[in-house]
Amino acid sequence: MILVTAQVIRSGDDELDSAPARTASRSSPTTGYAVVESVAEGPERIAVGYSLTEGSFEAPAESAVVDGLSAGLGVTLPKDYTDFLKEHNGGEGFIGDSYLIFFKAEELADFNREYEVEKYAPGILLFASKGGGEAYGFDTDDVEMPIVRIPFIFMERQSAEAIARDLADLFARLEDWK
């Protein structure tokens, strides 16, 4: 049975249609729960909670480690991802039928260096793997930094397929892919 993968939490207003224009949401056909597709900013801010159908997330990363990641990697990471790390420093399990291993904050640079991502797929920063032949990363050459899926074997920039706008969208799409 599928649990909620991205849950909308709003204080004071249960009506998603009244959310600010920058916020889009939809109901998961599997669970019926609302899934955030874009996070609003300002006083009407929406918090996103992530969960796995099976498996577990690690304890939160230390704020100092997460705050230093962008400088260490040479790229500004998406806020939803750094917020995710501050709640869940890696972990592994199923989102719907898809198995994912999220790298820990301390491992990001090492994984990307060991897989020679900059050599074979410049502009991609890996943050997760399927535990097999594919990985997930951010397209750092695109200002919006969409999430891409890319094969480990014969890794090349042209093989990167944009599959989600942000982390909440990735969770929603993986939940829906059966």
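**Exercise 1. The chain as a whole**

What percentage of the contacts in the protein chain with a separation of 6 or more is accounted for by residues 24 or more positions apart?

Solution. The model under study is predicted. Its protein chain comprises 5 helices and 11 strands. Among the contacts with a separation of 6 or more, 53% are made by residues 24 or more positions apart. As to burial, 43% of the 178 residues count as buried.

**Exercise 2. Helices α1 and α2**

Determine how α1 and α2 are oriented to each other, and name the residues through which they meet.

Solution. Step one is the geometry: the axes of α1 (residues 63-73) and α2 (residues 79-87) come within 9 Å and cross at roughly 155°. Step two applies the cut-off: angles over 145 degrees count as roughly antiparallel. The two helices α1 and α2 are therefore roughly antiparallel to each other. Step three concerns handedness, and here α1 passes α2 in a right-handed crossing. Step four lists the residues: α1 contributes Ser63, Val66, Asp67 and Leu69, which meet Thr82, Leu85 and Lys86 of α2. Sorted by class, this contact of α1 with α2 holds 3 nonpolar, 2 polar and 2 charged residues.

**Exercise 3. Helices α2 and α5**

Describe the packing of α2 with α5 and classify the residues in contact.

Solution. The axes of α2 and α5 (residues 167-176) are 8 Å apart, and the helices pack at an angle of about 75°. Angles from 65 to 115 degrees count as roughly perpendicular, so α2 is roughly perpendicular to α5. On the α2 side, Asp80, Tyr81 and Phe84 meet Leu167, Ala168 and Phe171 in α5. The contact of α2 with α5 divides into 5 nonpolar residues, no polar residue and 1 charged residue.

**Exercise 4. Strand pairing around β6**

Identify the strands joined to β6 and the sense in which they run.

Solution. Strand β5 (residues 54-57) is joined to β6 (residues 91-95) by 4 bridges, and the two run antiparallel. Within this pair, glutamate 54 stands opposite phenylalanine 94. Strand β7 (residues 98-102) is joined to β6 by 5 bridges, likewise antiparallel. Here isoleucine 95 stands opposite serine 98. The hairpin of β6 and β7 has 2 residues between the strands, and glycine 96 takes a positive phi near 65° in it.

**Exercise 5. Strand β10**

Solution. Strand β9 (residues 134-139) pairs with β10 in the antiparallel sense over 5 bridges. Strand β11 (residues 161-164) is joined to β10 by 3 bridges, also antiparallel.

Methods:
Residues are numbered from 1 along each chain as its sequence is written. This is a predicted model: local features need pLDDT of at least 70, side-chain atom pairs count only at pLDDT 80 or more; totals for chains, interfaces and linings use all residues. Side-chain values use heavy atoms; hydrogens and water are left out. Axes are lines fitted to C-alpha atoms, for helices over the stretch in contact, and angles run from 0 to 180 degrees between N-to-C directions. Angles under 35 degrees count as roughly parallel, over 145 as roughly antiparallel, 65 to 115 as roughly perpendicular and the rest as oblique. A crossing is left-handed if the near helix is turned anticlockwise from the far one by less than a right angle, and right-handed if clockwise. Contact means heavy atoms within 4.5 Å. Ala, Val, Leu, Ile, Met, Phe, Trp, Tyr, Cys and Pro count as nonpolar, Asp, Glu, Lys and Arg as charged, and the others, Gly among them, as polar. Two strands pair if DSSP finds at least two bridges between them. Buried means under 20% relative accessible area, exposed over 50%, partly exposed in between (1.4 Å probe, protein chains only).
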